[in-house]
Amino acid sequence: MQRPSTSLPSAGAGQNRRSFAEKWRRLAASAAFGTLIALSGAVHAGVFDAAAGGAALATDLPDPLQRADEDALWLELDGFQPPPPEVLAPVGLLERLPRGFALEPVMNGEVKAQLDWYARHPEYIARVLTRAQRYMPYIVSELERRGMPLELALLPIVESAYDPFAYSHGRAAGLWQFIPGTAKRFGIRQNWWYDGRRDVVDSTRAALDYLQYLHDLLDGDWLLAIAGYNAGGGTVTRAVKRNLARSKPTDFWHLSLPRETSGYVPRLLALAELVRNPAAYDLTLPQLVDAPQFATVDVGGQLDLALAAELAGLDLDTLYAFNSGFNRWATDPDGPHRLVLPIDVVDAFADALAAVPDGERVRWQRHRVKPGEAISQIADRYHTTVTAIREANGLSGNLIRAGSWLTIPVATRPLNAYSKSADARLAATQNRERDGQRIEHVVRAGESFWSISRRFGVGVRELAAWNGVAPGDTLSVGQKLVVWARQDAPGAGPASRDLTRKLNYTVRSGDSLYEIARRFRVTITDLVRWNDIERDHILRPGQRLTMYVDVMQQSS
(Lines give C-alpha, C1' and ligand atoms only; values in the text may rest on other atoms or scores of the structure.)
Protein backbone atom coordinates (compact mmCIF):
# COMPACT_ATOMS: atom_id res chain seq x y z
CA MET A 1 0.00 0.00 0.00
CA GLN A 2 1.20 3.48 -0.83
CA ARG A 3 1.83 5.97 1.92
CA PRO A 4 -1.35 8.01 2.53
CA SER A 5 -1.20 11.55 1.20
CA THR A 6 -1.42 14.49 3.57
CA SER A 7 -2.19 18.12 3.07
CA LEU A 8 -2.28 21.24 5.18
CA PRO A 9 -5.65 22.95 5.09
CA SER A 10 -4.17 26.24 3.89
CA ALA A 11 -1.55 24.87 1.53
CA GLY A 12 -1.20 26.79 -1.74
CA ALA A 13 0.72 29.25 -3.79
CA GLY A 14 0.32 31.99 -1.18
CA GLN A 15 2.54 30.27 1.39
CA ASN A 16 5.69 32.20 0.44
CA ARG A 17 3.72 35.43 0.42
CA ARG A 18 2.38 34.78 3.93
CA SER A 19 5.84 33.77 5.12
CA PHE A 20 7.22 37.03 3.81
CA ALA A 21 4.35 38.98 5.35
CA GLU A 22 5.11 37.44 8.73
CA LYS A 23 8.81 38.34 8.41
CA TRP A 24 7.83 41.86 7.49
CA ARG A 25 5.47 42.10 10.46
CA ARG A 26 8.21 41.01 12.84
CA LEU A 27 10.62 43.50 11.35
CA ALA A 28 8.01 46.28 11.59
CA ALA A 29 7.60 45.52 15.29
CA SER A 30 11.33 45.84 15.99
CA ALA A 31 13.35 48.83 17.05
CA ALA A 32 15.31 48.56 13.82
CA PHE A 33 12.22 49.50 11.85
CA GLY A 34 12.74 53.21 12.44
CA THR A 35 16.24 52.92 11.05
CA LEU A 36 14.90 51.08 8.02
CA ILE A 37 12.33 53.81 7.37
CA ALA A 38 14.94 56.52 7.63
CA LEU A 39 17.33 54.78 5.27
CA SER A 40 14.80 53.63 2.72
CA GLY A 41 12.97 56.95 2.53
CA ALA A 42 10.43 55.25 0.38
CA VAL A 43 7.56 54.11 2.54
CA HIS A 44 4.41 56.01 1.69
CA ALA A 45 2.26 57.43 4.45
CA GLY A 46 -0.68 55.31 5.53
CA VAL A 47 0.81 51.88 4.81
CA PHE A 48 1.22 51.10 8.50
CA ASP A 49 -1.91 51.72 10.50
CA ALA A 50 -1.47 51.42 14.24
CA ALA A 51 -5.22 51.44 14.78
CA ALA A 52 -5.55 48.44 12.49
CA GLY A 53 -3.01 46.57 14.53
CA GLY A 54 0.30 46.99 12.70
CA ALA A 55 1.88 46.47 9.33
CA ALA A 56 -0.07 45.71 6.20
CA LEU A 57 0.47 42.51 4.26
CA ALA A 58 3.39 42.34 1.89
CA THR A 59 1.07 42.77 -1.08
CA ASP A 60 0.22 46.25 0.24
CA LEU A 61 3.84 47.46 0.40
CA PRO A 62 4.49 50.49 -1.84
CA ASP A 63 7.25 50.72 -4.39
CA PRO A 64 10.19 50.56 -4.22
CA LEU A 65 9.69 48.00 -1.42
CA GLN A 66 7.22 46.03 -3.56
CA ARG A 67 9.23 43.51 -5.57
CA ALA A 68 8.38 40.63 -7.87
CA ASP A 69 10.80 38.50 -5.89
CA GLU A 70 9.84 39.00 -2.26
CA ASP A 71 12.44 36.57 -0.98
CA ALA A 72 15.11 38.67 -2.66
CA LEU A 73 13.68 41.73 -0.91
CA TRP A 74 13.99 40.02 2.45
CA LEU A 75 17.61 39.23 1.69
CA GLU A 76 18.17 42.92 1.00
CA LEU A 77 16.76 43.71 4.44
CA ASP A 78 18.85 41.10 6.20
CA GLY A 79 21.50 43.69 6.99
CA PHE A 80 19.17 45.21 9.58
CA GLN A 81 19.41 43.22 12.80
CA PRO A 82 16.13 43.08 14.78
CA PRO A 83 16.22 42.67 18.55
CA PRO A 84 16.62 39.15 20.00
CA PRO A 85 13.53 36.95 19.58
CA GLU A 86 12.63 37.12 23.27
CA VAL A 87 12.09 40.89 22.95
CA LEU A 88 9.43 40.44 20.25
CA ALA A 89 6.07 39.45 21.70
CA PRO A 90 4.38 36.84 19.48
CA VAL A 91 1.19 37.98 17.83
CA GLY A 92 -1.64 35.53 18.48
CA LEU A 93 -4.59 34.76 16.24
CA LEU A 94 -6.98 37.05 18.13
CA GLU A 95 -4.50 39.94 17.99
CA ARG A 96 -4.12 39.52 14.23
CA LEU A 97 -7.79 38.96 13.51
CA PRO A 98 -8.87 42.66 13.56
CA ARG A 99 -6.49 43.44 10.70
CA GLY A 100 -8.83 41.49 8.45
CA PHE A 101 -12.05 42.96 9.82
CA ALA A 102 -14.11 44.57 7.06
CA LEU A 103 -17.46 45.36 8.68
CA GLU A 104 -18.12 48.93 9.75
CA PRO A 105 -18.00 49.12 13.57
CA VAL A 106 -21.41 50.00 15.02
CA MET A 107 -22.22 51.10 18.55
CA ASN A 108 -25.95 51.40 19.07
CA GLY A 109 -28.36 50.11 21.67
CA GLU A 110 -28.62 46.64 20.16
CA VAL A 111 -24.86 46.11 19.93
CA LYS A 112 -24.26 47.62 23.38
CA ALA A 113 -26.78 45.25 24.95
CA GLN A 114 -24.88 42.26 23.52
CA LEU A 115 -21.54 43.78 24.58
CA ASP A 116 -22.77 44.22 28.14
CA TRP A 117 -23.80 40.56 28.29
CA TYR A 118 -20.44 39.32 27.03
CA ALA A 119 -18.58 41.67 29.39
CA ARG A 120 -20.56 40.27 32.32
CA HIS A 121 -19.68 36.69 31.34
CA PRO A 122 -15.91 36.61 30.83
CA GLU A 123 -15.78 32.92 31.74
CA TYR A 124 -18.05 32.12 28.78
CA ILE A 125 -15.88 34.11 26.36
CA ALA A 126 -12.73 32.40 27.66
CA ARG A 127 -14.29 28.93 27.44
CA VAL A 128 -15.61 29.37 23.91
CA LEU A 129 -12.46 30.95 22.51
CA THR A 130 -10.31 28.24 24.08
CA ARG A 131 -12.53 25.64 22.40
CA ALA A 132 -12.14 27.56 19.12
CA GLN A 133 -8.35 27.05 19.04
CA ARG A 134 -8.69 23.71 17.27
CA TYR A 135 -10.83 25.10 14.43
CA MET A 136 -10.47 28.87 14.13
CA PRO A 137 -7.03 29.01 12.43
CA TYR A 138 -8.42 26.88 9.61
CA ILE A 139 -11.54 29.01 9.27
CA VAL A 140 -9.47 32.20 9.25
CA SER A 141 -7.19 30.80 6.55
CA GLU A 142 -10.21 29.89 4.41
CA LEU A 143 -11.70 33.36 4.86
CA GLU A 144 -8.41 34.96 3.88
CA ARG A 145 -8.11 32.71 0.85
CA ARG A 146 -11.55 33.82 -0.32
CA GLY A 147 -11.07 37.50 0.59
CA MET A 148 -14.00 37.48 3.04
CA PRO A 149 -14.30 39.53 6.27
CA LEU A 150 -12.52 37.92 9.19
CA GLU A 151 -15.41 38.83 11.50
CA LEU A 152 -17.04 35.71 10.03
CA ALA A 153 -14.55 33.58 11.98
CA LEU A 154 -16.54 34.64 15.06
CA LEU A 155 -19.87 33.48 13.63
CA PRO A 156 -19.51 29.91 15.00
CA ILE A 157 -19.48 31.48 18.48
CA VAL A 158 -22.94 32.88 17.81
CA GLU A 159 -24.10 29.69 16.12
CA SER A 160 -22.72 26.87 18.23
CA ALA A 161 -20.25 28.25 20.80
CA TYR A 162 -17.65 26.51 18.59
CA ASP A 163 -18.99 23.08 19.58
CA PRO A 164 -19.01 20.70 16.56
CA PHE A 165 -21.52 18.44 18.35
CA ALA A 166 -24.03 21.25 18.97
CA TYR A 167 -27.59 20.33 17.92
CA SER A 168 -30.50 22.74 18.13
CA HIS A 169 -34.25 22.31 18.54
CA GLY A 170 -34.49 23.50 14.93
CA ARG A 171 -32.54 20.42 13.71
CA ALA A 172 -29.37 22.44 13.06
CA ALA A 173 -26.03 20.70 13.66
CA GLY A 174 -22.33 21.45 13.83
CA LEU A 175 -20.11 24.51 14.15
CA TRP A 176 -22.09 26.37 11.49
CA GLN A 177 -25.52 24.98 12.52
CA PHE A 178 -26.77 23.73 9.16
CA ILE A 179 -30.30 22.36 8.93
CA PRO A 180 -30.63 19.25 6.73
CA GLY A 181 -32.18 20.99 3.71
CA THR A 182 -29.62 23.80 3.48
CA ALA A 183 -26.81 21.32 4.07
CA LYS A 184 -27.97 19.19 1.15
CA ARG A 185 -28.30 22.27 -1.05
CA PHE A 186 -24.67 23.17 -0.45
CA GLY A 187 -23.28 19.70 -0.99
CA ILE A 188 -22.96 18.36 2.55
CA ARG A 189 -23.40 14.60 2.77
CA GLN A 190 -25.53 13.11 5.57
CA ASN A 191 -26.14 9.41 6.13
CA TRP A 192 -26.00 6.71 8.78
CA TRP A 193 -22.19 6.69 8.84
CA TYR A 194 -21.40 10.37 8.36
CA ASP A 195 -22.89 13.85 8.87
CA GLY A 196 -20.79 16.49 7.12
CA ARG A 197 -22.59 19.24 9.05
CA ARG A 198 -20.30 18.39 11.96
CA ASP A 199 -17.16 18.02 9.82
CA VAL A 200 -14.99 21.16 10.12
CA VAL A 201 -13.74 20.94 6.52
CA ASP A 202 -17.04 20.16 4.80
CA SER A 203 -19.16 22.50 6.91
CA THR A 204 -16.75 25.43 6.63
CA ARG A 205 -16.62 25.09 2.87
CA ALA A 206 -20.41 25.01 2.68
CA ALA A 207 -20.90 27.86 5.19
CA LEU A 208 -18.57 30.18 3.29
CA ASP A 209 -20.19 29.20 0.00
CA TYR A 210 -23.58 30.04 1.52
CA LEU A 211 -22.42 33.35 2.97
CA GLN A 212 -20.85 34.36 -0.34
CA TYR A 213 -24.05 33.41 -2.15
CA LEU A 214 -26.08 35.56 0.25
CA HIS A 215 -23.61 38.44 -0.14
CA ASP A 216 -24.04 38.35 -3.92
CA LEU A 217 -27.81 37.95 -3.64
CA LEU A 218 -28.17 40.93 -1.30
CA ASP A 219 -26.21 43.46 -3.36
CA GLY A 220 -22.89 43.04 -1.59
CA ASP A 221 -24.14 43.97 1.88
CA TRP A 222 -22.40 41.77 4.44
CA LEU A 223 -24.77 42.62 7.31
CA LEU A 224 -27.73 41.54 5.20
CA ALA A 225 -25.83 38.38 4.20
CA ILE A 226 -25.20 37.54 7.85
CA ALA A 227 -28.86 38.19 8.64
CA GLY A 228 -29.78 35.90 5.74
CA TYR A 229 -27.57 33.16 7.14
CA ASN A 230 -29.80 33.18 10.22
CA ALA A 231 -33.23 33.88 8.74
CA GLY A 232 -32.81 32.74 5.12
CA GLY A 233 -32.11 34.81 2.06
CA GLY A 234 -35.78 34.89 1.10
CA THR A 235 -36.79 36.41 4.44
CA VAL A 236 -34.26 39.23 4.11
CA THR A 237 -35.09 39.82 0.44
CA ARG A 238 -38.77 40.20 1.26
CA ALA A 239 -37.97 42.63 4.09
CA VAL A 240 -35.88 44.72 1.68
CA LYS A 241 -38.71 44.77 -0.88
CA ARG A 242 -41.20 45.89 1.79
CA ASN A 243 -38.99 48.83 2.71
CA LEU A 244 -38.43 49.74 -0.93
CA ALA A 245 -42.20 49.81 -1.47
CA ARG A 246 -42.53 52.21 1.46
CA SER A 247 -39.53 54.37 0.45
CA LYS A 248 -37.69 53.35 3.61
CA PRO A 249 -33.93 52.60 3.97
CA THR A 250 -33.00 49.02 3.18
CA ASP A 251 -29.95 48.57 5.42
CA PHE A 252 -30.08 45.95 8.17
CA TRP A 253 -30.92 48.43 10.94
CA HIS A 254 -34.13 49.58 9.22
CA LEU A 255 -35.54 46.18 8.23
CA SER A 256 -38.34 44.35 10.02
CA LEU A 257 -36.86 40.92 10.64
CA PRO A 258 -37.56 38.04 13.03
CA ARG A 259 -36.62 38.78 16.62
CA GLU A 260 -33.84 36.20 16.65
CA THR A 261 -32.27 37.72 13.54
CA SER A 262 -32.54 41.25 14.94
CA GLY A 263 -30.25 40.14 17.78
CA TYR A 264 -28.06 37.85 15.66
CA VAL A 265 -26.14 40.51 13.72
CA PRO A 266 -25.56 42.76 16.79
CA ARG A 267 -24.21 39.71 18.62
CA LEU A 268 -21.55 39.20 15.94
CA LEU A 269 -20.67 42.90 15.87
CA ALA A 270 -20.33 42.89 19.65
CA LEU A 271 -17.93 39.96 19.50
CA ALA A 272 -15.86 41.76 16.86
CA GLU A 273 -15.69 44.82 19.12
CA LEU A 274 -14.54 42.70 22.07
CA VAL A 275 -11.79 41.10 20.01
CA ARG A 276 -10.79 44.49 18.62
CA ASN A 277 -10.51 46.15 22.03
CA PRO A 278 -10.86 43.70 24.97
CA ALA A 279 -9.16 45.99 27.50
CA ALA A 280 -11.96 48.56 27.12
CA TYR A 281 -14.31 45.96 28.58
CA ASP A 282 -11.96 44.65 31.28
CA LEU A 283 -11.49 41.38 29.42
CA THR A 284 -8.34 39.33 28.98
CA LEU A 285 -8.78 37.02 26.03
CA PRO A 286 -7.01 33.65 25.87
CA GLN A 287 -3.96 33.42 23.65
CA LEU A 288 -4.79 31.49 20.49
CA VAL A 289 -1.91 30.19 18.42
CA ASP A 290 -1.85 31.68 14.94
CA ALA A 291 -0.90 28.49 13.14
CA PRO A 292 -2.74 25.54 11.52
CA GLN A 293 -3.84 22.99 14.09
CA PHE A 294 -4.60 20.10 11.75
CA ALA A 295 -4.02 18.58 8.35
CA THR A 296 -6.11 16.16 6.31
CA VAL A 297 -4.87 12.67 5.50
CA ASP A 298 -6.21 10.59 2.61
CA VAL A 299 -6.69 7.10 4.06
CA GLY A 300 -7.94 5.50 0.85
CA GLY A 301 -10.87 3.48 2.24
CA GLN A 302 -12.96 2.60 5.28
CA LEU A 303 -11.02 2.61 8.55
CA ASP A 304 -11.95 1.66 12.10
CA LEU A 305 -11.63 4.81 14.22
CA ALA A 306 -10.20 2.91 17.20
CA LEU A 307 -7.44 1.63 14.94
CA ALA A 308 -6.93 5.13 13.54
CA ALA A 309 -6.56 6.56 17.04
CA GLU A 310 -4.06 3.85 17.96
CA LEU A 311 -1.98 4.51 14.83
CA ALA A 312 -2.01 8.26 15.49
CA GLY A 313 -1.18 7.91 19.18
CA LEU A 314 -4.40 9.71 20.18
CA ASP A 315 -7.29 8.84 22.45
CA LEU A 316 -10.62 8.26 20.72
CA ASP A 317 -12.23 11.42 22.13
CA THR A 318 -9.51 13.56 20.58
CA LEU A 319 -9.85 11.78 17.25
CA TYR A 320 -13.63 12.38 17.27
CA ALA A 321 -13.08 16.04 18.17
CA PHE A 322 -11.09 16.50 14.95
CA ASN A 323 -13.44 14.21 12.98
CA SER A 324 -16.81 15.09 14.44
CA GLY A 325 -18.67 14.18 11.25
CA PHE A 326 -18.34 10.43 11.76
CA ASN A 327 -21.45 8.93 13.39
CA ARG A 328 -20.22 5.41 14.03
CA TRP A 329 -17.21 3.29 14.89
CA ALA A 330 -15.61 3.62 11.44
CA THR A 331 -15.36 6.04 8.57
CA ASP A 332 -18.04 5.94 5.90
CA PRO A 333 -17.34 3.08 3.45
CA ASP A 334 -18.41 5.45 0.64
CA GLY A 335 -16.12 8.27 1.78
CA PRO A 336 -14.91 10.86 2.46
CA HIS A 337 -11.79 8.72 2.76
CA ARG A 338 -9.86 11.19 4.84
CA LEU A 339 -9.12 11.95 8.45
CA VAL A 340 -8.41 15.29 10.08
CA LEU A 341 -5.44 14.94 12.46
CA PRO A 342 -3.29 17.20 14.62
CA ILE A 343 -0.34 18.33 12.56
CA ASP A 344 2.24 16.88 14.92
CA VAL A 345 0.96 13.29 14.44
CA VAL A 346 0.30 13.32 10.70
CA ASP A 347 3.61 11.90 9.50
CA ALA A 348 3.74 9.14 12.11
CA PHE A 349 0.13 8.19 11.36
CA ALA A 350 0.71 8.06 7.60
CA ASP A 351 3.73 5.78 8.06
CA ALA A 352 1.85 3.49 10.47
CA LEU A 353 -1.23 3.25 8.25
CA ALA A 354 0.84 2.41 5.20
CA ALA A 355 2.01 -0.72 7.03
CA VAL A 356 -1.56 -1.94 7.74
CA PRO A 357 -2.86 -4.46 5.15
CA ASP A 358 -6.10 -3.45 3.49
CA GLY A 359 -7.92 -6.42 5.01
CA GLU A 360 -7.11 -5.28 8.55
CA ARG A 361 -8.45 -1.73 8.34
CA VAL A 362 -11.76 -2.96 9.76
CA ARG A 363 -12.50 -6.23 11.59
CA TRP A 364 -14.76 -8.78 9.96
CA GLN A 365 -17.00 -11.45 11.43
CA ARG A 366 -18.77 -14.35 9.75
CA HIS A 367 -22.49 -14.77 10.40
CA ARG A 368 -24.63 -17.76 9.47
CA VAL A 369 -28.14 -16.75 8.43
CA LYS A 370 -30.89 -18.27 10.57
CA PRO A 371 -34.30 -19.32 9.18
CA GLY A 372 -36.57 -16.27 8.82
CA GLU A 373 -33.76 -13.81 9.61
CA ALA A 374 -33.85 -10.55 7.64
CA ILE A 375 -30.75 -8.68 6.55
CA SER A 376 -31.99 -5.61 8.47
CA GLN A 377 -32.04 -7.66 11.71
CA ILE A 378 -28.46 -8.76 11.10
CA ALA A 379 -27.41 -5.15 10.45
CA ASP A 380 -29.01 -4.04 13.73
CA ARG A 381 -27.31 -6.84 15.63
CA TYR A 382 -23.83 -5.88 14.43
CA HIS A 383 -24.42 -2.10 14.48
CA THR A 384 -23.86 -1.64 10.79
CA THR A 385 -26.07 -0.98 7.74
CA VAL A 386 -27.84 -3.16 5.21
CA THR A 387 -25.88 -1.39 2.48
CA ALA A 388 -22.55 -2.18 4.15
CA ILE A 389 -23.48 -5.88 4.43
CA ARG A 390 -24.64 -6.01 0.81
CA GLU A 391 -21.44 -4.40 -0.44
CA ALA A 392 -19.21 -6.64 1.69
CA ASN A 393 -20.93 -9.75 0.32
CA GLY A 394 -21.57 -8.70 -3.28
CA LEU A 395 -25.36 -8.78 -2.87
CA SER A 396 -27.56 -6.89 -5.32
CA GLY A 397 -30.64 -6.95 -3.07
CA ASN A 398 -31.83 -7.89 0.40
CA LEU A 399 -32.53 -11.56 -0.31
CA ILE A 400 -30.48 -13.91 1.88
CA ARG A 401 -30.88 -17.65 2.37
CA ALA A 402 -30.99 -19.55 5.65
CA GLY A 403 -27.75 -21.44 6.22
CA SER A 404 -25.62 -19.14 4.05
CA TRP A 405 -22.67 -17.22 5.48
CA LEU A 406 -22.27 -13.44 5.48
CA THR A 407 -19.14 -11.39 6.14
CA ILE A 408 -19.98 -8.51 8.49
CA PRO A 409 -17.78 -5.43 9.22
CA VAL A 410 -17.63 -4.97 13.00
CA ALA A 411 -15.97 -2.64 15.49
CA THR A 412 -12.63 -3.65 16.99
CA ARG A 413 -13.64 -2.43 20.46
CA PRO A 414 -16.84 -2.56 22.51
CA LEU A 415 -19.25 0.03 21.13
CA ASN A 416 -19.25 2.06 24.36
CA ALA A 417 -15.54 2.72 23.77
CA TYR A 418 -16.48 4.91 20.78
CA SER A 419 -17.58 7.62 23.18
CA LYS A 420 -18.43 10.28 20.59
CA SER A 421 -20.28 8.05 18.16
CA ALA A 422 -23.94 8.89 17.62
CA ASP A 423 -25.08 5.91 19.71
CA ALA A 424 -22.72 6.71 22.59
CA ARG A 425 -23.67 10.40 22.61
CA LEU A 426 -27.35 9.48 22.65
CA ALA A 427 -26.83 7.07 25.55
CA ALA A 428 -24.95 9.73 27.52
CA THR A 429 -27.73 12.25 26.91
CA GLN A 430 -30.51 9.85 27.87
CA ASN A 431 -28.68 8.63 30.99
CA ARG A 432 -27.93 12.12 32.35
CA GLU A 433 -29.60 12.56 35.72
CA ARG A 434 -32.41 15.13 35.70
CA ASP A 435 -35.27 16.21 37.93
CA GLY A 436 -38.33 14.00 37.95
CA GLN A 437 -39.19 10.33 37.49
CA ARG A 438 -37.25 8.59 34.70
CA ILE A 439 -39.57 6.69 32.35
CA GLU A 440 -38.55 4.74 29.26
CA HIS A 441 -41.15 4.97 26.52
CA VAL A 442 -41.13 2.90 23.32
CA VAL A 443 -42.68 4.79 20.43
CA ARG A 444 -45.87 3.27 19.04
CA ALA A 445 -47.47 3.66 15.62
CA GLY A 446 -49.14 7.05 15.22
CA GLU A 447 -47.32 8.73 18.11
CA SER A 448 -45.56 12.08 17.85
CA PHE A 449 -43.51 14.28 20.14
CA TRP A 450 -46.66 16.27 20.81
CA SER A 451 -48.81 13.28 21.80
CA ILE A 452 -46.08 11.79 23.99
CA SER A 453 -45.39 15.13 25.69
CA ARG A 454 -49.11 15.55 26.42
CA ARG A 455 -49.31 12.04 27.85
CA PHE A 456 -46.51 12.68 30.35
CA GLY A 457 -47.17 16.38 30.97
CA VAL A 458 -43.81 17.64 29.69
CA GLY A 459 -42.76 20.13 27.03
CA VAL A 460 -42.09 19.05 23.45
CA ARG A 461 -38.69 20.77 23.42
CA GLU A 462 -37.79 19.21 26.77
CA LEU A 463 -38.70 15.76 25.53
CA ALA A 464 -36.63 16.21 22.38
CA ALA A 465 -33.63 17.57 24.31
CA TRP A 466 -33.68 14.66 26.78
CA ASN A 467 -33.26 12.34 23.80
CA GLY A 468 -30.70 14.29 21.79
CA VAL A 469 -33.08 15.11 18.96
CA ALA A 470 -35.16 18.03 17.70
CA PRO A 471 -38.98 18.28 17.76
CA GLY A 472 -38.98 18.18 13.97
CA ASP A 473 -37.09 14.90 13.77
CA THR A 474 -38.97 11.79 12.66
CA LEU A 475 -39.87 9.25 15.32
CA SER A 476 -39.63 5.55 14.45
CA VAL A 477 -41.93 2.89 15.83
CA GLY A 478 -39.94 0.95 18.44
CA GLN A 479 -37.61 3.88 19.15
CA LYS A 480 -36.81 4.24 22.86
CA LEU A 481 -37.35 7.65 24.43
CA VAL A 482 -36.48 8.73 27.96
CA VAL A 483 -39.01 10.95 29.75
CA TRP A 484 -38.37 12.81 32.99
CA ALA A 485 -41.86 13.33 34.35
CA ARG A 486 -43.05 14.92 37.57
CA GLN A 487 -44.28 12.44 40.14
CA ASP A 488 -47.80 13.85 39.83
CA ALA A 489 -47.75 14.05 36.01
CA PRO A 490 -50.57 12.24 34.15
CA GLY A 491 -48.24 9.63 32.65
CA ALA A 492 -45.97 9.11 35.65
CA GLY A 493 -48.07 6.66 37.66
CA PRO A 494 -47.67 2.88 37.55
CA ALA A 495 -51.00 2.39 35.79
CA SER A 496 -49.82 4.32 32.78
CA ARG A 497 -46.49 2.58 32.29
CA ASP A 498 -45.48 2.01 28.66
CA LEU A 499 -47.14 -1.13 27.31
CA THR A 500 -45.57 -1.40 23.86
CA ARG A 501 -43.44 -4.52 23.52
CA LYS A 502 -41.16 -5.96 20.87
CA LEU A 503 -42.47 -9.29 19.59
CA ASN A 504 -40.66 -11.84 17.42
CA TYR A 505 -43.26 -13.87 15.51
CA THR A 506 -42.57 -17.09 13.58
CA VAL A 507 -44.62 -17.35 10.39
CA ARG A 508 -46.97 -20.33 10.20
CA SER A 509 -48.47 -22.08 7.18
CA GLY A 510 -51.24 -19.96 5.64
CA ASP A 511 -50.06 -16.66 7.20
CA SER A 512 -50.13 -13.45 5.20
CA LEU A 513 -49.13 -9.89 6.06
CA TYR A 514 -52.83 -8.98 6.17
CA GLU A 515 -53.69 -11.80 8.60
CA ILE A 516 -50.75 -11.08 10.90
CA ALA A 517 -51.44 -7.31 10.92
CA ARG A 518 -55.11 -7.93 11.74
CA ARG A 519 -54.32 -10.47 14.45
CA PHE A 520 -51.87 -8.22 16.32
CA ARG A 521 -53.66 -4.92 15.58
CA VAL A 522 -50.79 -3.33 13.68
CA THR A 523 -50.64 -2.09 10.10
CA ILE A 524 -49.18 -3.79 7.04
CA THR A 525 -47.14 -0.63 6.44
CA ASP A 526 -45.52 -1.03 9.86
CA LEU A 527 -44.82 -4.73 9.27
CA VAL A 528 -43.13 -3.92 5.98
CA ARG A 529 -41.01 -1.16 7.53
CA TRP A 530 -40.05 -3.10 10.66
CA ASN A 531 -38.82 -6.08 8.64
CA ASP A 532 -37.39 -4.32 5.56
CA ILE A 533 -39.57 -6.29 3.14
CA GLU A 534 -41.91 -5.43 0.25
CA ARG A 535 -45.71 -5.36 0.53
CA ASP A 536 -45.96 -8.21 -1.96
CA HIS A 537 -43.35 -10.28 -0.09
CA ILE A 538 -44.30 -13.97 0.06
CA LEU A 539 -44.10 -15.26 3.62
CA ARG A 540 -42.59 -18.68 4.23
CA PRO A 541 -43.28 -20.93 7.23
CA GLY A 542 -40.50 -20.55 9.78
CA GLN A 543 -39.67 -16.99 8.76
CA ARG A 544 -39.36 -14.64 11.75
CA LEU A 545 -41.01 -11.20 11.82
CA THR A 546 -40.39 -8.37 14.25
CA MET A 547 -43.36 -6.39 15.57
CA TYR A 548 -44.00 -3.71 18.18
CA VAL A 549 -47.39 -4.33 19.72
CA ASP A 550 -49.49 -2.64 22.40
CA VAL A 551 -50.22 -5.39 24.93
CA MET A 552 -53.43 -3.64 25.99
CA GLN A 553 -54.82 -4.23 22.50
CA GLN A 554 -54.03 -7.96 22.44
CA SER A 555 -56.96 -9.13 24.59
CA SER A 556 -58.44 -11.35 21.90
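How are α22 and α23 oriented to each other, roughly parallel or roughly perpendicular? The views below take up this pair and other details of a predicted model.

**View 1. Helices α22 and α23 pack at an angle of about 105°.** The pair is therefore roughly perpendicular, as angles of 65 to 115 degrees count as such. Helix α22 covers residues 513–520, and helix α23 covers residues 524–531. Their axes lie 9 Å apart. From α22 come L513, Y514, I516 and A517. They meet I524, L527 and V528 of α23. By class, this contact has 7 nonpolar residues, with no polar and no charged ones.

**View 2. Helices α7 and α10 cross at roughly 35°.** The crossing of α7 past α10 is right-handed. Helix α7 spans residues 136–146 and helix α10 residues 200–217. The two axes come within 11 Å. On the α7 side, the contact holds Y138, I139, E142, L143 and R146. On the α10 side are V200, V201, T204, R205, L208 and D209.

**View 3. The largest nonpolar core contains 73 residues.** L97, M136, L154, W176 and Y229 have the most contacts inside this core. Helix α13 (residues 259–276) contributes the most, with 9 residues. A second, separate core has 30 residues, among them Y194, L307, A312 and A330.

**View 4. Contacts of Y229, one of the residues with the most contacts inside the largest core.** Neighbours within four places in sequence are left aside. Y229 then touches L155, E159, W176, F178, A207, Y210, L211, L214 and Y264.

**View 5. Q177 and S247 have positive phi values though neither is a glycine.** For Q177, phi is near 55°. This residue sits in the loop between α8 (155–160) and α9 (180–185). Q177 is buried, with a relative accessible area of 13%. For S247, phi is about 60°. S247 belongs to the loop between α12 (233–245) and α13. S247 is exposed, with a relative accessible area of 70%.

**View 6. A cis peptide bond joins G335 to P336.** Its omega is near 10°. P336 is part of the loop between α15 (316–322) and β3 (338–342).

View 7. Of its 556 residues, 46% count as buried. Among contacts with a separation of 6 or more, 68% join residues 24 or more positions apart.

Conventions
Residues numbered from 1 in each chain as written. Predicted model: local features only at pLDDT ≥ 70, side-chain atom pairs only at ≥ 80, totals over all residues. Heavy atoms only, no water. Core = buried A, V, L, I, M, F, W, Y, C linked by side-chain atoms within 4.5 Å. Buried < 20%, exposed > 50% of the residue type's maximum accessible area, 1.4 Å probe, protein only. Helix = DSSP H or I, 4+ residues; strand = E, 2+ residues; numbered from the N terminus. Contact = heavy atoms within 4.5 Å. Axes fitted to C-alpha atoms, helices over the stretch in contact; angles between N-to-C directions. Parallel < 35°, antiparallel > 145°, perpendicular 65-115°, else oblique. Nonpolar A, V, L, I, M, F, W, Y, C, P; charged D, E, K, R; others polar. Left-handed = near helix turned anticlockwise from the far one by under 90°.
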